[in-house]
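Subject: Structure for your review

Dear colleague,

Please find the structure below, followed by some notes on what was found in it.

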Amino acid sequence: MVLSVLLIVSTLIFGLGILAVVTRRNAIGMLLGIELMLNSVNLNLVIFGRFSERIADPLEGQVYALFIMALAVAEAAVGLALILALVRKFGSVDADAAGTLKG
Amino acid sequence: MGVSSGQTAAFLVLSLLAISGAFYTAFANKLFHSVLALLLTLGSIAGLYFMMGAEFLGVLQILLYMGGVVVLFVFGIMLTPARDEDRLPPMVKWHMVAIIGVGLLTTFLVFIFYYYTGQFWHEIRITPRITYDKMFQDISALLTDKFLVPFEVLSVAILVALIGALYVARKRE
């Protein structure tokens with residue numbers, strides 16, 4: 001039961017992260033959604049490392065989660081730098097404001 | 001070895017907190033409330049890590065995410081001009097399309113997990129809790145032995161990300 005509950009939790013968090021990315025117009029809100037999705041993936045890795053019979057060492061799942069965590073932090077830093085540049089250029093955090101490439 | 005009912009209750013409470021925090025993150029009207037809800041979700045996930053025997057990841061989650069990323073987001077919110085309305089404008093149609101599509105995707109994934117685990121709401125085989133005497137040593141041994149190349153590539157990636165973030169966010173003359 002614990003395994004199913006945890007998998008459902010991570011799936012729901014992933015779905016809500018997608019919804020945050022899709023429906024928010026504020027670029028920072030979209031980054032929040034991306035963080036949610038990365039967290040749910042991390043949770044999944046740890047769950048399968050803990051519960052799967054096929055993985056010899058449960059620590060391997062945690063090491064993968066570790067890598068993703070480091071990359072997620074770097075991604076948040078780069079994303080916020082991009083948003084600051086966006087604000088300098090267009091004067092707004094609205095993702096729709098950056099429409100220069102629109103034909 | 002079964003799971004005590006107290007443990008199950010703690011799992012359920014943490015799961016509920018995580019889901020409600022994620023829900024509020026996605027649908028809060030004010031962005032700052034959304035960040036606070038994200039903090040709740042991150043904390044609950046750290047609790048789940050602790051309960052699953054991944055103490056190292058739980059500590060890192062608290063340090064990096066709740067301590068680092070959330071502060072980064074708060075700074076980002078304070079440094080950018082506020083918007084009045086954050087949602088999609090009247091285009092409620094596309095809003096509904098997004099919600100329905102994501103709902104379908106989530107159901108699909110839940111069914112995949114259903115087939116993977118074989119049983120849905122029944123008691124699943126719980127492996128006895130693996131206790132590590134030297135968990136940190138084991139993780140560092142894995143990092144410096146089996147995962148050495150990804151580890152080094154990751155450090156280069158973080159360096160590039162730092163320099164790139166500074167370059168992108170610099171003041172242009």
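Chain A and chain B bury about 7300 Å² between them, with 77% of it on carbon and sulfur atoms, where buried area is the accessible area (1.4 Å probe) that two parts lose on being put together, summed over both. This is a predicted model, in which local features need pLDDT of at least 70 and side-chain atom pairs count only at pLDDT 80 or more, while totals for chains, interfaces and linings use all residues. Residues are numbered from 1 along each chain as its sequence is written, chains are lettered from A and ligands numbered from 1 in the order in which they are written, and side-chain values use heavy atoms, with hydrogens and water left out.

The contact (heavy atoms within 4.5 Å) takes 72 residues from chain A and 86 residues from chain B. Across this interface the rule finds one salt bridge (a side-chain nitrogen of Lys or Arg within 4 Å of a carboxyl oxygen of Asp or Glu), in which the side chains of B:Lys146 and A:Glu60 meet at 2.6 Å, N to O. On the side of chain A that touches chain B, the elements giving two or more residues are helix H1 (2–23), helix H2 (27–51) and helix H3 (59–90) of chain A, and H3(A) gives the most, with 25 residues; helices here are DSSP runs (H or I, at least four residues), numbered from the N terminus.

Turning to chain B, B:Phe50 is found in helix H2 (residues 31–51) and is partly exposed, with a relative accessible area of 33% (between the limits of under 20% for buried and over 50% for exposed, 1.4 Å probe, protein chains only).

Best regards
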